[in-house]
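Visitor: I would like to learn how to read a model of this kind, feature by feature. Could you take me through one, giving the general idea before each case?

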Amino acid sequence: MNSKKIVVLLFMLIVYVNYVMHFKEDVSKMQRQIVAIESRTVKEQRLTKEKKAYKDVNTTKSYSGLFYNGSEASYSQNMGLFQQDVESAAEEAHCTVSNIQWQEIAVADKSWYDLLSLRVTTECQPKALLTFLDNTRKDSKLIVFNQLMLNKVRRKPLLRMNATLFAYRSKKNEK
Amino acid sequence: MQLKKLILSKFIYILPANESFFFKVKFEKKVKLTDELIALNYKKHAPYKNPNFKTLTENQNLYIWFYEQEINSKLIIPESYLLFNFFKEKYANALLNIDLGNSHCILIIKNSLLVNSYTMLEDDKNIVDMERNRFGIEQYIKIDKSRYIEIKREAVESLSLQDLYKWTDINVQKEGLFANIVNKIAYPLALLLFFTMAVEQYHVREVKANLAKVEEAYTLAKSKNDDIREKINSEEKKEEKWLNFVHKELPYEDSLTIFTHISKAFNEKKFTFESFTIVGSKLKITIKTQEDFIEGLNVLNTIDVLKDVALKYTNKKRHVATYEATLLSKGLEL
């Protein structure tokens, strides 16, 4: 064997192995980066074109009225409004509110909203009950029936509804 | 097939039967002899002075074809073997007398093995009879010149790659093979490695330059939207906040919708609700009916928003049954 040739070959092999192990850069990773950046650039360019449309956008504007306004009224004032709304919904549906009870005040310091809770007992015709439930949904405020119990009243063609109703108050004016 | 045609047309040389002398040796066991040993042992049988020869070892038989003039071809196939190879299946025990034009070729095949082959200037019936008696062969085939030309062409075309390989002169020197290979490939391989690294580095440089260009374009495009980015981020935060609210506070469909679903499902069935309760994800219904209680279970199972429907209590005397189910977590869509 020609020793000079062997030395050259061995030297090149060592250089190549070191190059592969330590210096070779991951081209496919760079190519993936290029594709990702290009896609982000296209998105930015599209955003630039449609910029005017985004200036006045308010995606959650329609939700702002769902909560009782905590910045203008106290917790108990909001509870009073909530009770009024429930009573008027029942009255409109010709339901009799026999009992209404404020649940324990649950104020969460860290949350951006407070929970308003009422325990309500009403009696009405079955169809009227559905109207009452429907009226609470038509109201601009979000009212949630958390616990719902319906029973037939003895010897009367009436349904008794016992439910825990939830509503929500914002701690500051949410727009 | 293309490769075979190329080999047949460019590299093959058919050694004419009348320009060669056939000699056969049979060994007791399979042996492999070098050309030097063959020349030393069997050269004396050739009718030429300083003959060249072509050999083939098949099983325990050594076939030698001596010829006078040196031929510069890597693939020499003796014509007598070519014709034998063509006829050995068809005439396993036969004496073939082939008219080559200016001479006659005698092929003696016994048990599909080539026993002897030679050429005669004249067609001598006595010699033919003598050979048949000598080898105990009854079948005698005579082939005229026109048929011979046709057969020769067919025989060449029917040669398989395996047949061609048998006649190639490729001698691999095992001794010093590694050293030879290393000597031959050392510089080209070193150059190839260097070239590979150089090409890869060039490619990396190109990709890096492209990446920098793309990043610059992105930074520029992004800077144009800086004025509304805060607005978009705040909108996204607000949306996320509302989504969290829905997931936390409204995990199930509202009670009214569930009540409506169940009422509709029991429509036109003879069931009367005694009580209907929803607490969290648990639903409990007490129903009065003259129907089979399982029917009520089947109806509840058809409602999409309910799962784990169970018949918890029945009183056949009072015709009352209590069912329980779990509400599917769904949430409201914003």
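**A helix and its cover**

Guide: The buried residues of α5(A) are covered by elements that include α4 (75-92), β3 (113-124) and β5 (159-170) of chain A together with α9 of chain B. The model is a predicted one, in which local features need pLDDT of at least 70 and side-chain atom pairs count only at pLDDT 80 or more, while totals for chains, interfaces and linings use all residues. Residues are numbered from 1 along each chain as its sequence is written, and chains are lettered from A and ligands numbered from 1 in the order in which they are written.

Visitor: Which residues of α5(A) are buried, and within what arc do they fall?

Guide: A residue counts as buried if 20 or more other C-beta atoms lie within 10 Å of its own, as exposed if 12 or fewer do, and as partly exposed in between, with C-beta atoms placed from the backbone. Helices (H or I, at least four residues) and strands (E, at least two) are DSSP runs, numbered from the N terminus. In α5(A) the buried residues are Leu129(A), Phe132(A), Leu133(A) and Thr136(A). Viewed down the helix axis they fall within an arc of 95 degrees (taken over the directions from the axis to the C-beta atoms), so they line one face of the helix. The face turned away from this buried side carries the exposed residues Lys127(A) and Lys138(A).

Visitor: How many residues of α4 in chain B are buried, by comparison?

Guide: Helix α4 (residues 125-135) of chain B is hardly covered, the count of buried residues among its 11 residues being 0. Just after α4(B), Gly136(B) takes a positive phi of about 65 degrees.

Visitor: Which residues have the most contacts inside the largest nonpolar core?

Guide: In soluble globular proteins, nonpolar side chains tend to be buried together. A nonpolar core here is a set of buried Ala, Val, Leu, Ile, Met, Phe, Trp, Tyr and Cys residues joined through C-beta atoms within 7 Å. The largest has 43 residues, and those with the most contacts inside it are Phe82(A), Val86(A), Leu116(A), Leu129(A), Phe132(A), Leu165(A) and Ala167(A). β5(A) gives the most to this core, with 7 residues. Apart from it lies another core, of 21 residues, among them Phe23(B), Ile64(B), Trp65(B) and Leu83(B).

Visitor: With which strands does β7(B) pair?

Guide: Two strands pair if DSSP finds at least two bridges between them. Strand β6 (residues 94-99) of chain B pairs with β7(B) in the antiparallel sense over 6 bridges, and Asn97(B) stands opposite Ile106(B). β7(B) also pairs with strand β8 (residues 113-120) of chain B, in the antiparallel sense over 7 bridges, where Cys105(B) stands opposite Thr119(B). Strand β7 (residues 104-110) is mostly covered, with 6 of its 7 residues buried.

Visitor: How many residues does each chain bring to the contact between A and B?

Guide: Two residues are in contact if their C-beta atoms, placed from the backbone, lie within 7 Å. The contact takes 45 residues from chain B and 42 residues from chain A. The largest share of the side of chain B that touches chain A, 23 residues, comes from α7(B). Between the chains, 5 bridges join strand β4 (residues 144-152) of chain A to β10(B), which run antiparallel, and the bridge partner of Asn151(A) in β10(B) is Ser275(B).
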